[in-house]
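Here are my notes for a first look at this model. Please keep the structure open as you read.

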Amino acid sequence: MLRLRDWPGHSTFLTYKAPYKDKKKHTYKERLEYEFSVGDAASAYHFLKAMGFVAYFAYKKKREHWKGTMVNVELDTLEDGSTWMEIEGARPAIQECARALELSWDRATTEGYIRTIERIRGKKARPKKPNTR
């Protein structure tokens, strides 16, 4: 999967996300990712389109970044107002962070935002052109 992420006034990134290492139900999302910054979202979008890629899904979220010594915590608010937390790091550090924040593993999910937003919207994702200014 390719993701073009534009943070207006901040930065734009192109990310390749490989398939998950373990496709069974799992507690952790583990996959290889390559990411780099691009200078202009609209140019990157048109470049990808010229290469034969199709924009499959677009959504907006607000994100707060929290950087720890062993983990990074991302707090996301989706278009429906729901709030999600992502903890990135090594498994032991993720577990320690979750314990310190008194989070319940029973409420944890590895469902990605595309599937989450499909449920919120009540329909299957359809190709959508992102805002390219």
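1. Start at Leu32. Leu32 sits in the loop that runs between strand 2 (11–17) and strand 3 (33–38). The model is a predicted one. Leu32 is partly exposed, because its relative accessible area is 42%, and partly exposed covers the range between under 20% (buried) and over 50% (exposed).

2. Leu32 belongs to a nonpolar surface patch of about 740 Å².

3. Which residues make up the largest nonpolar core? There are seven: Tyr28, Val71, Val73, Ile87, Ala93, Ile94 and Cys97. Two elements, strand 5 (71–78) and helix 2 (91–100), each give two or more residues to this core. Helix 2 gives the most, with three residues.

4. Pick out Ile87, a member of that core. Leaving aside residues up to four places away in sequence, Ile87 touches Val71, Asn72, Val73, Ile94, Cys97, Ala98 and Leu103. Among these, Val71, Val73, Ile94 and Cys97 are also listed in the core.

5. Last, check Glu118 in helix 3 (residues 113–121). Is Glu118 buried or exposed? Glu118 counts as buried, because its relative accessibility is 10% and the buried class is under 20%. The side chain of Glu118 also has a polar partner: it makes a polar contact with the side chain of Arg115, at 3.1 Å.

How values were computed:
Residues numbered from 1 in each chain as written. Predicted model: local features only at pLDDT ≥ 70, side-chain atom pairs only at ≥ 80, totals over all residues. Heavy atoms only, no water. Patch = residues over 30% accessible without salt bridge, like charges linked within 9 Å, V, L, I, M, F, W, Y side chains within 5 Å. Areas by Shrake-Rupley, 256 points an atom, 1.4 Å probe, with all protein chains shown as cover. Salt bridge = Lys/Arg side-chain N within 4 Å of Asp/Glu carboxyl O. Helix = DSSP H or I, 4+ residues; strand = E, 2+ residues; numbered from the N terminus. Buried < 20%, exposed > 50% of the residue type's maximum accessible area, 1.4 Å probe, protein only. Core = buried A, V, L, I, M, F, W, Y, C linked by side-chain atoms within 4.5 Å. Contact = heavy atoms within 4.5 Å. Polar contact = N/O pair within 3.5 Å; in protein donor to acceptor, adjacent residues only side chain to side chain.
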